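Dear colleague,

I am passing on the structure we spoke about, and my notes on its rings and helices follow below it. Please read them with the model open.

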Amino acid sequence: MSSAPPVPEAPRPVEALLADGSTALIRPLASGDREAVRELHSVHMSEESRRLRFFGASRRAPEEAARRLCAPPRPGFLALGAWVGEELVGVVEYSVYDGQAAPLRPGETPGTAAELAVAVAEEWHHRGVGTLLIEHLLHAARERGLRVIEAEALADNHAVHKVFADLGLHVHRRWEHGQVRISVDLEEQQDEDYRRAVDERGRTADVASLMPLLRPRSVAVVGASRRPGSVGQSVLRRIRDGGFAGALYAVNPYAERIADTDTYPSVGTLPVVCDLALLAVPPVVVPSAAEECGRAGTRALVVLTAGLEDAQARRLLQICRRYSMRLVGPNCLGIAQTDPEVRLAANFAGTYPAAGEAGIAVQSGGVGIALLQLLSRLGVGVSSFVSLGDKYDVSGNDLLQWWESDGRTKLALLHLESFGNPRAFSRTARRVSRRMPVLTVDAGRSNAGRRAAASHSAAAATATVTRRALFTQAGITATDSIAELVETAALFASQPLPAGSGRVAVVSNAGGVAVLAADACAEAGLTVPELPPDLVGELLAVLPEGAHAANPVDITAEADAAELDAALAVLNRSPLIDSVLVCLAPTALGGAPGRALRSGPARRRHPVAAVVLGQSESVELLPTDDGGHVPVYADPQQAARALAHAAARARHLAEPEGVEPELPDVQPGRAAAEASAFLAAHPEGGLLDPAATASLLGCYGIPTGPSVWLRADELGEAEDGAVLGGALADAVARLTPLAHRGRLVAKAYWPGQVHKSEFGAVRTDLEGIAQVRAAVRDFRTRFAGRLDGVVLQPTAAPGIELFAGVAQDRVFGPLVLFGLGGTAADLLDDRAARLAPLTDTDVDAMLTGVHATPLLFGYRGTPKPDLAALEHLLARLSRLATDLPQLAEADLNPVIAGPDGAVCVDARLRLLPVRPFDPYLRRLRELPEPPEEPTHYGAPDGAGQE
């Protein structure tokens, strides 16, 4: 008697935002939900909605739906429900049927198609419930191997037709007997159109959820103390004195009035429902205070309290999700909103931020205080400020989407010590950075820094190369210090971007200063080109006698403001430079260098940065007569770094956004099956043998060249000192005609092997069966007891030895690497890195981003390799890493690149068991699992809507 097919593992419950900012819990339905499902269909759906859902009127339909949806788990069926608080607001289901909606593809069997149905409570229509449920159901269906999802709808069921039309999927419709059958090909679900649609739905929901936080109409400070100087009273006073435009209340059961503010014993006794509550209570009280706020209808919390234990933290987040409250903190400095219609200074920083155009999100309160002070002093000002603290919920990704939509922010500044879902963050940052500069302090570059970040904010220690790859791909300007961040922000806020590649004209009234500035530009990656004679002549015509204009341009100490302006005007007209760095000694121009800078227009064709030696502040924004500003630095290195960041941003914006290359011939299904088979035989994971390695790479068309894998038991018996065996002789005969100069390579293999050459496990330039047998005999002698087999390959044609690989980061996902290969790969460490999935622009950047790049373009007459073949190899490797999260490590070294193509002649792949994780599926962040539970690759700690 055959056993019943196994029931697939149920999807994990997750929480996500609806279009109105409410938090919905998405989870599989169970037997205990039967009454809620029946009530949804019978009470919370109108008669018309039931007609559209069930294709007619039936009193028994709600009961039948409850029975079906809440039955015990069974193969081929899945039902999900969406809860907001304790209310079931929608359900979705699929049921696999034996018939096939579309023709079978090669290798497919019946049972890969299912029918979908969705129902939403009447009062929750138009809030994105159905769309969110369908997104999660389709994700689960894809994981279970389904290929096609279909739905039937009446022609007048406009709501369902609109849901499917807006999903961003490739939807096919056909008429059948007065009904419309909607069909979705799940293999097309994850294309860029779908991701953009999901991004837009996520942005809309995010912004709606943050309205009570950043544009509240009423605020309560819970835990406001009668003690002067306490956190609660300090925040209360700052909100009051900052001129908050809404209603302000204090909550303290032991006082009637605090800091001239009406005080109430509890949140429930407030005269209005407060949009935002700030909690300044002891850690043990935080969960109960949050519960009280949720019951009262509060929609956002800022928890200033530090020191929450793990159980308190989890309880706090659970409460916020149940009551649809967004949470900032805990352990944070607070928030600020400078919009005149709000004027909210809900923090205990020492400075009231000046209104301006910079949005700030920081994890460190100290960094936040510094940025508020520095940007306010500069005059750049702040649009909104959020101290994220321990970042249980609201994250940098949320704030980027808010600033993208608020109409006030023109510059985004981030200080993040950890990332929840870097791939989702990267997609948001890529989009936002095209609209405004996004700057960050790259914290945790050293081992000591990463340890400090981990202890400070529970951040995962992430390799610098991985983090830098994220910043580069996302178009984020990464600086090394707070000072550099502010110096760069000053330039971005006041000057246009350079139009070209980083060519700088240095203008100075002192030769020594000009030399320092030229050196600083070169060290920052900029160029100071020699100016052509005609441009030199134009400059000398407006400068005093004795000036030099080859670049640097020495205007001499006798030059006055008018002559400096005239020289800058000449340079501004020239297309041969991209920016101007003006360096002035403090005694120049009659002791008033600032007057010379003020008199000229600030907003020129080229950005202008100035240096005034001896200036007390590292950077100032000097007002100009036309109402603009010029950034003035104390040292040439500061100005050069800022100009270099501007040049890098200009190059990024000039590049196309990039698209993922289409690879129609890849076989992800076969690759997944091979990985599953290996992990079934090796539950702990491990390295694939050479045959399995070649097969898995072959699923993605990654060329490995001809080879023969002979296991130890296929090599034959040793007799009279010779290795006999027909398999070996057959392999030699088959491979020799394919080899360069008829020579072969033999490689010994054993499980866990890393560097073959270090162990003498590679023999090259073998000619004929005799030399091959001698090499194999040597392997059997030296590696007795551990030799698993031998790989025979034809010698590849000459070419450049390169390296390509994948490292699966537990937080950031797959990182693709490329660089010089062979035995020198580790020694030289000349590698470029980008996070998968790679776009075509990412691939181009990798090929041109290593020191060995000249070799790829025919350096000094060497044969130029086939660049298209290398591009395809990297794109295919990226797709393999993206499709197969079980791929923990891939090492393709060397890849031989020549004029006729690129072939991987040695590869090492390691697979590990993982929990599948879709970085693009909408969900809110989760707190990391307790330490005793293992962390799996592919499912980042704290993964969510960051």
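**Charges over rings, ring pairs and a helix contact**

Arg127 lies over the face of Trp124, at 3.9 Å from the ring centre, where a charge sits over a ring if NZ of Lys or CZ of Arg is within 6 Å of the ring centre and within 35 degrees of the ring normal. The charged end of Arg27 likewise sits over the ring of Trp83, 3.9 Å from its centre.

This is a predicted model, in which local features need pLDDT of at least 70 and side-chain atom pairs count only at pLDDT 80 or more, while totals for chains, interfaces and linings use all residues. Residues are numbered from 1 along each chain as its sequence is written, and side-chain values use heavy atoms, leaving out hydrogens and water.

There are 4 aromatic pairs, counted when ring centres of Phe, Tyr and Trp (its six-membered ring) lie within 6.5 Å, with planes under 30 degrees apart taken as stacked, over 60 as edge-to-face and the rest as tilted. Tyr249 and Tyr264 form an edge-to-face pair, 5.8 Å centre to centre with 70 degrees between the planes. Because Tyr249 lies in strand β10 (residues 247–251) and Tyr264 in strand β12 (residues 261–264), the pair ties together parts 15 residues apart in sequence; strands are DSSP runs of E, at least two residues, and helices runs of H or I, at least four, numbered from the N terminus. Ring pairs also link Trp750, Phe779 and Phe783 into a cluster.

Helix α1 (residues 34–42) and helix α3 (residues 61–69) pack at about 145 degrees, with axes 8 Å apart, the axes being lines fitted to C-alpha atoms over the stretch in contact and the angles running from 0 to 180 degrees between N-to-C directions.

With regards
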